[in-house]
Amino acid sequence: MQQTDSTFLTGSYARLPGHFFARLGPTPVIQPRLIKFNRALAADLGLELNSLDAAALAEIFSGNRMLPGADPIAMIYAGHQFGQFVPQLGDGRAILLGEVRDSNGTRRDIQLKGSGRTPFSRGGDGRAAVGPVLREYLVSEAMHALGIPTTRALAAVATGESVLREQRVPGAILTRVAASHVRVGTFQYFAARGDVDAARLLADYVIERHYPALKLDARPHLALLRSVMERQARLIASWMHVGFIHGVMNTDNMTVSGETIDFGPCAFMDAYDPAAVFSSIDGYGRYAYANQPQAAQWNLTRFAETLLPMIDSVPERAVELASEVMATFAARFAECWLAGMRRKLGLFGAEDGDLDLAEELLDVMHRNQADFTLTFRRLCDAAQNGEADAGLRALFADPSAPDAWIGKWRSRLAREPQAAAAHAAAMRQVNPAYIPRNHRIEQAITAAVESGDFSPFAEFLEVLSRPYEARKDREDYANAPQPDERVLRTFCGT
Ligand code: AMP
Ligand code: MG
(Lines give C-alpha, C1' and ligand atoms only; values in the text may rest on other atoms or scores of the structure.)
(Ligands and ions follow the chains in the order given, each with its own letter.)
Protein backbone atom coordinates (compact mmCIF):
# COMPACT_ATOMS: atom_id res chain seq x y z
CA MET A 1 0.00 0.00 0.00
CA GLN A 2 1.41 3.38 -0.95
CA GLN A 3 1.48 6.10 1.64
CA THR A 4 0.13 9.55 0.92
CA ASP A 5 2.65 12.32 1.34
CA SER A 6 2.34 14.98 3.99
CA THR A 7 -0.95 16.48 2.89
CA PHE A 8 -3.24 17.44 5.72
CA LEU A 9 -6.73 18.75 5.43
CA THR A 10 -8.24 21.08 7.99
CA GLY A 11 -11.91 21.72 8.50
CA SER A 12 -12.87 25.23 9.57
CA TYR A 13 -16.44 24.75 8.39
CA ALA A 14 -16.69 21.43 10.19
CA ARG A 15 -15.86 23.28 13.44
CA LEU A 16 -18.99 25.42 13.16
CA PRO A 17 -22.00 24.26 15.23
CA GLY A 18 -23.44 20.85 14.45
CA HIS A 19 -26.64 22.18 12.86
CA PHE A 20 -24.63 23.70 9.98
CA PHE A 21 -24.06 20.27 8.44
CA ALA A 22 -24.37 16.52 8.79
CA ARG A 23 -21.18 14.70 9.65
CA LEU A 24 -20.75 11.68 7.42
CA GLY A 25 -18.33 10.24 4.92
CA PRO A 26 -18.67 9.26 1.30
CA THR A 27 -20.20 5.91 0.39
CA PRO A 28 -17.47 3.65 -1.03
CA VAL A 29 -17.67 2.62 -4.69
CA ILE A 30 -16.96 -0.78 -6.24
CA GLN A 31 -14.23 -0.14 -8.75
CA PRO A 32 -12.86 3.38 -8.98
CA ARG A 33 -10.82 4.27 -12.02
CA LEU A 34 -9.08 7.60 -12.53
CA ILE A 35 -10.38 9.54 -15.54
CA LYS A 36 -8.38 12.70 -14.97
CA PHE A 37 -6.27 14.29 -12.27
CA ASN A 38 -5.46 18.00 -12.41
CA ARG A 39 -1.79 17.97 -11.48
CA ALA A 40 -1.31 21.71 -11.94
CA LEU A 41 -4.16 22.47 -9.57
CA ALA A 42 -2.96 19.85 -7.09
CA ALA A 43 0.45 21.51 -7.08
CA ASP A 44 -1.14 24.93 -6.53
CA LEU A 45 -3.06 23.50 -3.60
CA GLY A 46 0.11 22.06 -2.13
CA LEU A 47 -1.31 18.55 -2.34
CA GLU A 48 1.66 16.26 -2.23
CA LEU A 49 0.21 13.33 -4.09
CA ASN A 50 2.68 13.09 -6.92
CA SER A 51 4.20 9.84 -5.75
CA LEU A 52 0.81 8.15 -6.05
CA ASP A 53 -0.20 6.12 -9.08
CA ALA A 54 -3.57 6.31 -10.84
CA ALA A 55 -5.05 3.52 -8.75
CA ALA A 56 -4.18 5.24 -5.48
CA LEU A 57 -5.51 8.58 -6.74
CA ALA A 58 -8.72 6.85 -7.80
CA GLU A 59 -9.08 5.43 -4.27
CA ILE A 60 -8.73 8.91 -2.79
CA PHE A 61 -10.89 10.83 -5.26
CA SER A 62 -13.66 8.28 -5.19
CA GLY A 63 -13.91 8.67 -1.43
CA ASN A 64 -12.82 5.10 -0.78
CA ARG A 65 -9.78 6.31 1.08
CA MET A 66 -9.61 9.47 3.19
CA LEU A 67 -6.86 12.04 3.00
CA PRO A 68 -5.24 12.62 6.38
CA GLY A 69 -7.06 15.22 8.44
CA ALA A 70 -10.33 14.91 6.53
CA ASP A 71 -13.45 15.64 8.59
CA PRO A 72 -16.14 14.88 6.01
CA ILE A 73 -19.50 16.66 6.14
CA ALA A 74 -22.53 17.43 4.00
CA MET A 75 -23.39 21.14 4.24
CA ILE A 76 -26.93 22.27 4.85
CA TYR A 77 -28.56 25.05 2.85
CA ALA A 78 -31.88 26.23 1.48
CA GLY A 79 -32.66 28.17 -1.66
CA HIS A 80 -35.03 29.74 -4.10
CA GLN A 81 -35.32 27.41 -7.08
CA PHE A 82 -36.85 29.22 -10.06
CA GLY A 83 -38.40 31.69 -7.63
CA GLN A 84 -39.84 29.09 -5.23
CA PHE A 85 -38.38 28.92 -1.77
CA VAL A 86 -37.28 25.47 -0.65
CA PRO A 87 -36.49 25.68 3.10
CA GLN A 88 -34.10 22.75 3.07
CA LEU A 89 -31.81 21.53 0.33
CA GLY A 90 -28.23 20.77 1.36
CA ASP A 91 -25.51 18.61 -0.13
CA GLY A 92 -27.55 15.69 -1.36
CA ARG A 93 -24.75 14.13 -3.32
CA ALA A 94 -21.65 15.95 -2.18
CA ILE A 95 -19.25 15.60 0.71
CA LEU A 96 -16.90 18.33 1.83
CA LEU A 97 -13.68 16.58 2.83
CA GLY A 98 -11.96 19.63 4.25
CA GLU A 99 -9.77 22.55 3.30
CA VAL A 100 -6.21 23.18 2.22
CA ARG A 101 -4.21 26.37 1.78
CA ASP A 102 -3.22 27.17 -1.79
CA SER A 103 -0.02 28.85 -2.95
CA ASN A 104 -1.53 32.28 -2.13
CA GLY A 105 -2.35 31.16 1.38
CA THR A 106 -6.06 31.12 0.55
CA ARG A 107 -8.19 28.41 2.12
CA ARG A 108 -9.84 26.19 -0.51
CA ASP A 109 -12.51 23.55 -0.06
CA ILE A 110 -12.09 20.05 -1.43
CA GLN A 111 -15.42 18.42 -2.10
CA LEU A 112 -16.48 15.15 -3.68
CA LYS A 113 -19.57 15.41 -5.85
CA GLY A 114 -21.47 12.19 -6.58
CA SER A 115 -20.20 10.56 -3.41
CA GLY A 116 -23.39 8.91 -2.17
CA ARG A 117 -26.53 9.65 -0.27
CA THR A 118 -26.67 12.08 2.65
CA PRO A 119 -29.48 13.16 4.96
CA PHE A 120 -30.22 15.87 2.35
CA SER A 121 -30.62 13.58 -0.66
CA ARG A 122 -34.43 13.61 -0.61
CA GLY A 123 -35.41 11.28 -3.49
CA GLY A 124 -31.98 11.35 -5.15
CA ASP A 125 -29.41 8.57 -5.34
CA GLY A 126 -26.52 10.76 -4.21
CA ARG A 127 -24.57 9.84 -7.31
CA ALA A 128 -23.42 11.59 -10.47
CA ALA A 129 -23.24 10.32 -14.03
CA VAL A 130 -20.08 10.47 -16.09
CA GLY A 131 -21.61 12.93 -18.60
CA PRO A 132 -22.30 15.78 -16.17
CA VAL A 133 -18.96 15.14 -14.44
CA LEU A 134 -17.06 15.60 -17.71
CA ARG A 135 -19.18 18.65 -18.55
CA GLU A 136 -18.38 20.30 -15.23
CA TYR A 137 -14.71 19.40 -15.55
CA LEU A 138 -14.47 20.94 -19.03
CA VAL A 139 -16.52 24.05 -18.38
CA SER A 140 -15.16 24.93 -14.95
CA GLU A 141 -11.56 24.52 -16.13
CA ALA A 142 -12.36 26.55 -19.27
CA MET A 143 -13.83 29.32 -17.12
CA HIS A 144 -10.67 29.38 -15.05
CA ALA A 145 -8.47 29.56 -18.14
CA LEU A 146 -10.65 32.39 -19.44
CA GLY A 147 -9.85 34.30 -16.25
CA ILE A 148 -13.32 34.09 -14.71
CA PRO A 149 -13.71 33.29 -11.00
CA THR A 150 -14.95 29.72 -10.71
CA THR A 151 -14.84 26.52 -8.75
CA ARG A 152 -12.27 24.14 -10.20
CA ALA A 153 -12.03 20.48 -11.06
CA LEU A 154 -9.29 18.54 -9.30
CA ALA A 155 -10.18 15.02 -10.36
CA ALA A 156 -12.73 12.87 -12.14
CA VAL A 157 -13.08 9.23 -11.24
CA ALA A 158 -15.31 6.58 -12.82
CA THR A 159 -16.99 4.56 -10.09
CA GLY A 160 -17.45 1.27 -11.93
CA GLU A 161 -21.11 1.49 -10.91
CA SER A 162 -24.03 2.54 -13.04
CA VAL A 163 -26.63 5.14 -12.12
CA LEU A 164 -30.20 5.29 -13.28
CA ARG A 165 -31.10 8.45 -15.16
CA GLU A 166 -33.35 8.20 -18.24
CA GLN A 167 -31.47 4.94 -18.65
CA ARG A 168 -28.59 3.27 -16.87
CA VAL A 169 -25.39 5.25 -17.39
CA PRO A 170 -21.88 4.96 -15.98
CA GLY A 171 -21.31 6.72 -12.67
CA ALA A 172 -18.51 9.12 -11.79
CA ILE A 173 -17.33 11.43 -9.03
CA LEU A 174 -15.96 14.93 -9.50
CA THR A 175 -13.63 16.52 -6.99
CA ARG A 176 -14.53 20.17 -6.83
CA VAL A 177 -12.31 22.87 -5.39
CA ALA A 178 -13.88 26.12 -4.24
CA ALA A 179 -12.93 29.23 -2.29
CA SER A 180 -15.82 27.97 -0.17
CA HIS A 181 -19.18 26.34 -0.72
CA VAL A 182 -21.16 28.94 1.21
CA ARG A 183 -24.10 30.05 -0.91
CA VAL A 184 -26.81 32.67 -0.65
CA GLY A 185 -28.99 29.67 0.16
CA THR A 186 -26.83 28.83 3.18
CA PHE A 187 -27.80 32.18 4.69
CA GLN A 188 -31.41 31.61 3.72
CA TYR A 189 -31.51 28.31 5.57
CA PHE A 190 -30.91 30.01 8.92
CA ALA A 191 -32.79 33.21 8.16
CA ALA A 192 -35.92 31.26 7.21
CA ARG A 193 -35.83 29.57 10.62
CA GLY A 194 -35.40 32.87 12.39
CA ASP A 195 -32.04 31.63 13.68
CA VAL A 196 -30.31 35.01 13.72
CA ASP A 197 -27.45 33.72 15.87
CA ALA A 198 -26.55 31.07 13.30
CA ALA A 199 -26.91 33.52 10.41
CA ARG A 200 -24.61 35.92 12.23
CA LEU A 201 -22.08 33.19 12.90
CA LEU A 202 -22.16 32.29 9.22
CA ALA A 203 -21.76 35.94 8.18
CA ASP A 204 -18.78 36.32 10.49
CA TYR A 205 -17.28 33.11 9.13
CA VAL A 206 -17.67 34.43 5.57
CA ILE A 207 -16.16 37.79 6.50
CA GLU A 208 -13.20 36.10 8.17
CA ARG A 209 -12.66 33.75 5.26
CA HIS A 210 -13.41 35.87 2.20
CA TYR A 211 -13.52 39.52 3.23
CA PRO A 212 -11.26 39.94 6.28
CA ALA A 213 -10.76 43.66 5.66
CA LEU A 214 -14.45 44.22 6.45
CA LYS A 215 -13.92 43.36 10.11
CA LEU A 216 -12.74 46.94 10.58
CA ASP A 217 -15.81 48.42 8.92
CA ALA A 218 -18.28 50.30 11.12
CA ARG A 219 -21.06 48.11 9.68
CA PRO A 220 -19.36 44.87 8.62
CA HIS A 221 -22.55 43.10 7.53
CA LEU A 222 -23.67 45.98 5.33
CA ALA A 223 -20.16 46.03 3.90
CA LEU A 224 -20.46 42.29 3.31
CA LEU A 225 -23.57 42.87 1.22
CA ARG A 226 -21.75 45.56 -0.75
CA SER A 227 -18.73 43.33 -1.33
CA VAL A 228 -20.70 40.27 -2.41
CA MET A 229 -22.72 42.49 -4.71
CA GLU A 230 -19.54 43.90 -6.22
CA ARG A 231 -18.08 40.46 -6.88
CA GLN A 232 -21.32 39.21 -8.39
CA ALA A 233 -21.67 42.28 -10.62
CA ARG A 234 -18.20 41.64 -11.95
CA LEU A 235 -18.79 37.93 -12.27
CA ILE A 236 -22.01 38.19 -14.24
CA ALA A 237 -20.48 40.83 -16.51
CA SER A 238 -17.60 38.50 -17.25
CA TRP A 239 -20.05 35.70 -18.08
CA MET A 240 -21.79 38.03 -20.52
CA HIS A 241 -18.47 38.87 -22.17
CA VAL A 242 -17.84 35.26 -23.16
CA GLY A 243 -21.43 34.32 -24.00
CA PHE A 244 -21.91 32.09 -20.96
CA ILE A 245 -25.36 31.11 -19.80
CA HIS A 246 -25.37 29.58 -16.34
CA GLY A 247 -28.81 28.08 -16.77
CA VAL A 248 -29.77 27.55 -13.14
CA MET A 249 -29.10 30.72 -11.16
CA ASN A 250 -31.04 29.59 -8.12
CA THR A 251 -29.94 31.14 -4.83
CA ASP A 252 -28.38 27.83 -3.78
CA ASN A 253 -26.17 28.08 -6.86
CA MET A 254 -24.80 31.54 -6.05
CA THR A 255 -21.66 31.65 -3.93
CA VAL A 256 -20.85 34.47 -1.55
CA SER A 257 -17.20 34.21 -2.60
CA GLY A 258 -18.07 35.39 -6.12
CA GLU A 259 -17.07 32.18 -7.87
CA THR A 260 -19.16 30.57 -10.58
CA ILE A 261 -20.63 27.34 -9.22
CA ASP A 262 -22.80 24.54 -10.54
CA PHE A 263 -22.34 23.69 -14.18
CA GLY A 264 -25.43 21.55 -14.61
CA PRO A 265 -27.40 22.89 -17.56
CA CYS A 266 -24.99 25.68 -18.53
CA ALA A 267 -23.89 26.52 -22.08
CA PHE A 268 -21.86 28.95 -24.11
CA MET A 269 -23.92 30.33 -26.94
CA ASP A 270 -22.88 30.04 -30.54
CA ALA A 271 -24.99 32.56 -32.53
CA TYR A 272 -25.65 35.68 -30.51
CA ASP A 273 -29.15 35.78 -29.08
CA PRO A 274 -30.00 37.71 -25.91
CA ALA A 275 -32.95 35.37 -25.31
CA ALA A 276 -30.81 32.22 -25.53
CA VAL A 277 -31.82 29.47 -23.09
CA PHE A 278 -30.34 25.98 -23.15
CA SER A 279 -31.47 24.52 -19.88
CA SER A 280 -34.14 21.87 -20.25
CA ILE A 281 -35.56 22.84 -16.86
CA ASP A 282 -35.86 26.57 -17.60
CA GLY A 283 -39.13 26.49 -19.52
CA TYR A 284 -39.90 30.18 -19.06
CA GLY A 285 -36.43 31.49 -19.80
CA ARG A 286 -36.05 32.92 -16.31
CA TYR A 287 -32.28 32.47 -16.64
CA ALA A 288 -31.93 33.38 -20.33
CA TYR A 289 -28.62 35.02 -21.31
CA ALA A 290 -29.78 38.61 -21.07
CA ASN A 291 -31.77 38.01 -17.87
CA GLN A 292 -28.69 37.04 -15.87
CA PRO A 293 -27.96 40.47 -14.38
CA GLN A 294 -31.56 40.77 -13.15
CA ALA A 295 -31.47 37.22 -11.81
CA ALA A 296 -28.31 38.07 -9.89
CA GLN A 297 -29.89 41.20 -8.48
CA TRP A 298 -32.93 39.22 -7.37
CA ASN A 299 -30.70 36.67 -5.63
CA LEU A 300 -28.67 39.40 -3.95
CA THR A 301 -31.86 40.94 -2.65
CA ARG A 302 -32.67 37.59 -1.03
CA PHE A 303 -29.16 37.66 0.45
CA ALA A 304 -29.71 41.20 1.74
CA GLU A 305 -32.91 40.06 3.48
CA THR A 306 -30.99 37.47 5.47
CA LEU A 307 -28.54 40.13 6.70
CA LEU A 308 -31.11 42.69 7.86
CA PRO A 309 -31.07 41.81 11.58
CA MET A 310 -27.28 42.19 11.57
CA ILE A 311 -27.24 45.43 9.62
CA ASP A 312 -29.20 47.44 12.18
CA SER A 313 -31.30 46.64 15.22
CA VAL A 314 -33.99 49.01 13.97
CA PRO A 315 -35.68 47.07 11.15
CA GLU A 316 -36.67 50.15 9.12
CA ARG A 317 -33.13 51.46 9.27
CA ALA A 318 -31.72 48.10 8.20
CA VAL A 319 -34.05 47.97 5.21
CA GLU A 320 -33.13 51.51 4.25
CA LEU A 321 -29.39 50.80 4.39
CA ALA A 322 -29.62 47.51 2.51
CA SER A 323 -31.86 49.07 -0.13
CA GLU A 324 -29.33 51.84 -0.70
CA VAL A 325 -26.71 49.21 -1.46
CA MET A 326 -28.98 47.14 -3.68
CA ALA A 327 -30.00 50.25 -5.63
CA THR A 328 -26.42 50.52 -6.88
CA PHE A 329 -26.33 47.06 -8.46
CA ALA A 330 -27.68 47.95 -11.90
CA ALA A 331 -25.27 50.83 -12.39
CA ARG A 332 -22.34 48.84 -11.08
CA PHE A 333 -23.14 45.94 -13.39
CA ALA A 334 -23.50 48.33 -16.34
CA GLU A 335 -20.06 49.81 -15.59
CA CYS A 336 -18.42 46.41 -15.44
CA TRP A 337 -20.19 45.35 -18.60
CA LEU A 338 -19.20 48.45 -20.56
CA ALA A 339 -15.60 48.31 -19.37
CA GLY A 340 -15.37 44.73 -20.61
CA MET A 341 -17.04 45.57 -23.91
CA ARG A 342 -14.52 48.35 -24.46
CA ARG A 343 -11.74 45.82 -24.00
CA LYS A 344 -13.43 43.42 -26.40
CA LEU A 345 -13.64 46.19 -28.99
CA GLY A 346 -10.00 47.14 -28.50
CA LEU A 347 -10.73 50.52 -26.92
CA PHE A 348 -8.16 51.75 -24.43
CA GLY A 349 -9.95 54.99 -23.59
CA ALA A 350 -13.57 55.94 -23.00
CA GLU A 351 -15.95 58.04 -25.05
CA ASP A 352 -19.63 58.73 -24.49
CA GLY A 353 -20.68 56.90 -27.62
CA ASP A 354 -19.03 53.60 -26.61
CA LEU A 355 -22.16 52.08 -25.10
CA ASP A 356 -24.11 52.71 -28.31
CA LEU A 357 -21.23 51.34 -30.36
CA ALA A 358 -21.22 48.09 -28.36
CA GLU A 359 -24.99 47.73 -28.43
CA GLU A 360 -25.19 48.42 -32.15
CA LEU A 361 -22.75 45.62 -32.86
CA LEU A 362 -24.71 43.17 -30.71
CA ASP A 363 -27.89 44.21 -32.44
CA VAL A 364 -26.53 43.57 -35.92
CA MET A 365 -25.04 40.27 -34.72
CA HIS A 366 -28.41 39.23 -33.37
CA ARG A 367 -30.29 40.11 -36.56
CA ASN A 368 -27.73 38.16 -38.60
CA GLN A 369 -27.19 35.12 -36.35
CA ALA A 370 -23.50 35.93 -36.12
CA ASP A 371 -21.46 33.62 -33.91
CA PHE A 372 -20.61 35.47 -30.68
CA THR A 373 -17.10 34.12 -30.12
CA LEU A 374 -15.98 34.13 -33.75
CA THR A 375 -17.24 37.67 -34.32
CA PHE A 376 -15.12 39.10 -31.53
CA ARG A 377 -12.15 36.94 -32.44
CA ARG A 378 -12.25 38.06 -36.06
CA LEU A 379 -12.63 41.66 -34.93
CA CYS A 380 -9.12 41.27 -33.49
CA ASP A 381 -7.82 40.56 -36.98
CA ALA A 382 -9.92 43.36 -38.45
CA ALA A 383 -8.43 45.81 -35.93
CA GLN A 384 -5.00 44.98 -37.26
CA ASN A 385 -5.75 44.79 -40.93
CA GLY A 386 -8.69 45.96 -43.05
CA GLU A 387 -8.19 42.99 -45.34
CA ALA A 388 -9.46 40.73 -42.58
CA ASP A 389 -12.95 42.21 -42.88
CA ALA A 390 -14.04 39.50 -45.31
CA GLY A 391 -13.71 36.81 -42.65
CA LEU A 392 -15.67 38.93 -40.23
CA ARG A 393 -18.45 39.77 -42.69
CA ALA A 394 -18.81 36.10 -43.62
CA LEU A 395 -20.15 35.43 -40.12
CA PHE A 396 -23.25 37.52 -40.77
CA ALA A 397 -26.31 36.18 -42.61
CA ASP A 398 -26.10 39.31 -44.73
CA PRO A 399 -22.37 39.97 -45.10
CA SER A 400 -22.95 43.67 -45.78
CA ALA A 401 -24.96 44.09 -42.57
CA PRO A 402 -21.98 44.99 -40.31
CA ASP A 403 -20.35 47.37 -42.81
CA ALA A 404 -21.77 50.60 -41.41
CA TRP A 405 -20.83 49.50 -37.91
CA ILE A 406 -17.29 48.52 -38.95
CA GLY A 407 -16.86 52.02 -40.36
CA LYS A 408 -17.89 53.66 -37.07
CA TRP A 409 -15.67 51.34 -35.08
CA ARG A 410 -12.64 52.10 -37.28
CA SER A 411 -13.16 55.84 -36.80
CA ARG A 412 -13.44 55.30 -33.06
CA LEU A 413 -10.21 53.27 -33.01
CA ALA A 414 -8.50 55.92 -35.10
CA ARG A 415 -9.18 58.49 -32.37
CA GLU A 416 -6.90 56.53 -30.03
CA PRO A 417 -3.14 57.00 -30.10
CA GLN A 418 -2.18 53.30 -30.05
CA ALA A 419 -1.06 51.48 -33.19
CA ALA A 420 -3.37 48.99 -34.89
CA ALA A 421 -1.21 46.09 -33.74
CA ALA A 422 -1.55 47.19 -30.12
CA HIS A 423 -5.35 47.21 -30.35
CA ALA A 424 -5.33 43.78 -31.96
CA ALA A 425 -2.93 42.31 -29.40
CA ALA A 426 -4.99 43.62 -26.47
CA MET A 427 -8.17 42.27 -28.04
CA ARG A 428 -6.64 38.80 -28.45
CA GLN A 429 -6.17 38.66 -24.69
CA VAL A 430 -9.86 39.11 -23.95
CA ASN A 431 -11.62 37.58 -26.95
CA PRO A 432 -11.10 33.82 -26.75
CA ALA A 433 -10.54 31.63 -29.77
CA TYR A 434 -11.73 28.57 -27.85
CA ILE A 435 -14.73 28.17 -25.61
CA PRO A 436 -16.37 24.94 -24.45
CA ARG A 437 -18.87 24.77 -27.25
CA ASN A 438 -21.84 22.59 -26.53
CA HIS A 439 -21.47 20.30 -29.52
CA ARG A 440 -17.86 19.61 -28.59
CA ILE A 441 -18.80 18.82 -25.02
CA GLU A 442 -21.47 16.43 -26.26
CA GLN A 443 -18.99 14.72 -28.59
CA ALA A 444 -16.52 14.25 -25.74
CA ILE A 445 -19.25 12.86 -23.49
CA THR A 446 -20.64 10.54 -26.15
CA ALA A 447 -17.21 9.03 -26.84
CA ALA A 448 -16.68 8.48 -23.11
CA VAL A 449 -20.10 7.02 -22.37
CA GLU A 450 -20.62 4.95 -25.49
CA SER A 451 -17.08 3.74 -26.19
CA GLY A 452 -15.23 4.33 -22.94
CA ASP A 453 -12.95 6.62 -24.95
CA PHE A 454 -11.78 9.58 -22.86
CA SER A 455 -9.29 10.91 -25.41
CA PRO A 456 -11.67 13.49 -26.99
CA PHE A 457 -12.33 14.79 -23.46
CA ALA A 458 -8.61 15.02 -22.70
CA GLU A 459 -7.79 16.70 -26.00
CA PHE A 460 -10.60 19.25 -25.65
CA LEU A 461 -9.54 20.00 -22.08
CA GLU A 462 -6.02 20.72 -23.31
CA VAL A 463 -7.32 23.10 -26.00
CA LEU A 464 -9.46 24.94 -23.46
CA SER A 465 -6.51 25.45 -21.14
CA ARG A 466 -5.11 28.16 -23.50
CA PRO A 467 -8.25 29.80 -24.84
CA TYR A 468 -6.68 33.01 -26.11
CA GLU A 469 -3.99 31.38 -28.20
CA ALA A 470 -5.22 30.42 -31.69
CA ARG A 471 -3.40 27.33 -32.90
CA LYS A 472 -3.24 26.17 -36.50
CA ASP A 473 -3.58 22.50 -35.55
CA ARG A 474 -6.62 23.22 -33.39
CA GLU A 475 -8.70 25.31 -35.78
CA ASP A 476 -11.57 22.83 -35.69
CA TYR A 477 -12.20 23.58 -32.06
CA ALA A 478 -12.76 27.26 -32.82
CA ASN A 479 -15.50 26.56 -35.34
CA ALA A 480 -19.18 27.01 -34.71
CA PRO A 481 -21.27 23.85 -35.03
CA GLN A 482 -22.65 22.83 -38.38
CA PRO A 483 -26.46 22.97 -38.42
CA ASP A 484 -26.66 19.21 -37.81
CA GLU A 485 -24.17 19.43 -34.92
CA ARG A 486 -26.03 22.08 -32.95
CA VAL A 487 -26.97 21.17 -29.40
CA LEU A 488 -29.87 23.30 -28.24
CA ARG A 489 -30.67 21.69 -24.90
CA THR A 490 -28.58 20.95 -21.86
CA PHE A 491 -29.68 18.84 -18.94
CA CYS A 492 -28.80 18.85 -15.26
CA GLY A 493 -28.26 15.14 -15.44
CA THR A 494 -29.02 14.80 -11.77
P1 AMP B 1 -28.52 21.25 -8.21
O2 AMP B 1 -29.60 21.14 -9.22
O3 AMP B 1 -27.30 20.48 -8.58
O4 AMP B 1 -28.23 22.66 -7.82
O5 AMP B 1 -29.07 20.52 -6.92
C6 AMP B 1 -30.17 20.94 -6.18
C7 AMP B 1 -30.34 20.07 -4.98
O8 AMP B 1 -30.63 18.72 -5.37
C9 AMP B 1 -29.16 19.98 -4.06
O10 AMP B 1 -29.63 19.87 -2.75
C11 AMP B 1 -28.48 18.71 -4.50
O12 AMP B 1 -27.68 18.15 -3.49
C13 AMP B 1 -29.69 17.84 -4.79
N14 AMP B 1 -29.37 16.76 -5.75
C15 AMP B 1 -29.11 16.91 -7.06
N16 AMP B 1 -28.85 15.71 -7.62
C17 AMP B 1 -28.94 14.78 -6.64
C18 AMP B 1 -28.77 13.35 -6.60
N19 AMP B 1 -28.47 12.64 -7.68
N20 AMP B 1 -28.96 12.76 -5.40
C21 AMP B 1 -29.28 13.46 -4.31
N22 AMP B 1 -29.45 14.79 -4.28
C23 AMP B 1 -29.27 15.45 -5.43
MG1 MG C 1 -26.52 23.26 -6.92
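**View 1. The cavity of the predicted model and its volume.** At a threshold of 30 Å³ or more, the structure holds 1 cavity. The space in the largest cavity comes to about 70 Å³.

**View 2. Residues that line the largest cavity.** The lining is made up of 14 residues, and those that lie nearest the centre of the cavity are Q232, W239, H246, N253 and M254. Helix 6, which spans residues 220-242, gives the most to this lining, contributing 4 residues. Sorted by class, the lining of the largest cavity comprises 6 nonpolar residues and 7 polar residues, together with 1 charged residue.

**View 3. Packing geometry of helix 10 and helix 13.** Helix 10 (residues 354-367) packs with helix 13 (residues 403-414) at an angle of about 150°, and the axes of the two helices are 10 Å apart. Because angles over 145 degrees count as roughly antiparallel, helix 10 is described as roughly antiparallel to helix 13. The crossing that helix 10 and helix 13 form is left-handed.

**View 4. Residues in the contact of helix 10 with helix 13.** From helix 10, the residues D354, L357, E360 and L361 meet W405, K408, W409 and R412 of helix 13. By class, the residues of this contact divide into 4 nonpolar and 4 charged, with no polar residues.

Definitions and conventions. Residues are numbered from 1 along each chain as its sequence is written. Chains are lettered from A and ligands numbered from 1 in the order in which they are written. This is a predicted model: local features need pLDDT of at least 70, side-chain atom pairs count only at pLDDT 80 or more; totals for chains, interfaces and linings use all residues. Side-chain values use heavy atoms; hydrogens and water are left out. On a 1 Å grid over the protein atoms alone, a cavity is a set of points where a 1.4 Å probe fits but cannot get out, and a pocket is an open set with protein on both sides within 12 Å along at least five of seven lines; lining residues have an atom within 4 Å of a point. Grid points are joined across faces, edges and corners, and a volume is the space filled by probe spheres set on the points. Ala, Val, Leu, Ile, Met, Phe, Trp, Tyr, Cys and Pro count as nonpolar, Asp, Glu, Lys and Arg as charged, and the others, Gly among them, as polar. Axes are lines fitted to C-alpha atoms, for helices over the stretch in contact, and angles run from 0 to 180 degrees between N-to-C directions. Angles under 35 degrees count as roughly parallel, over 145 as roughly antiparallel, 65 to 115 as roughly perpendicular and the rest as oblique. A crossing is left-handed if the near helix is turned anticlockwise from the far one by less than a right angle, and right-handed if clockwise. Contact means heavy atoms within 4.5 Å.
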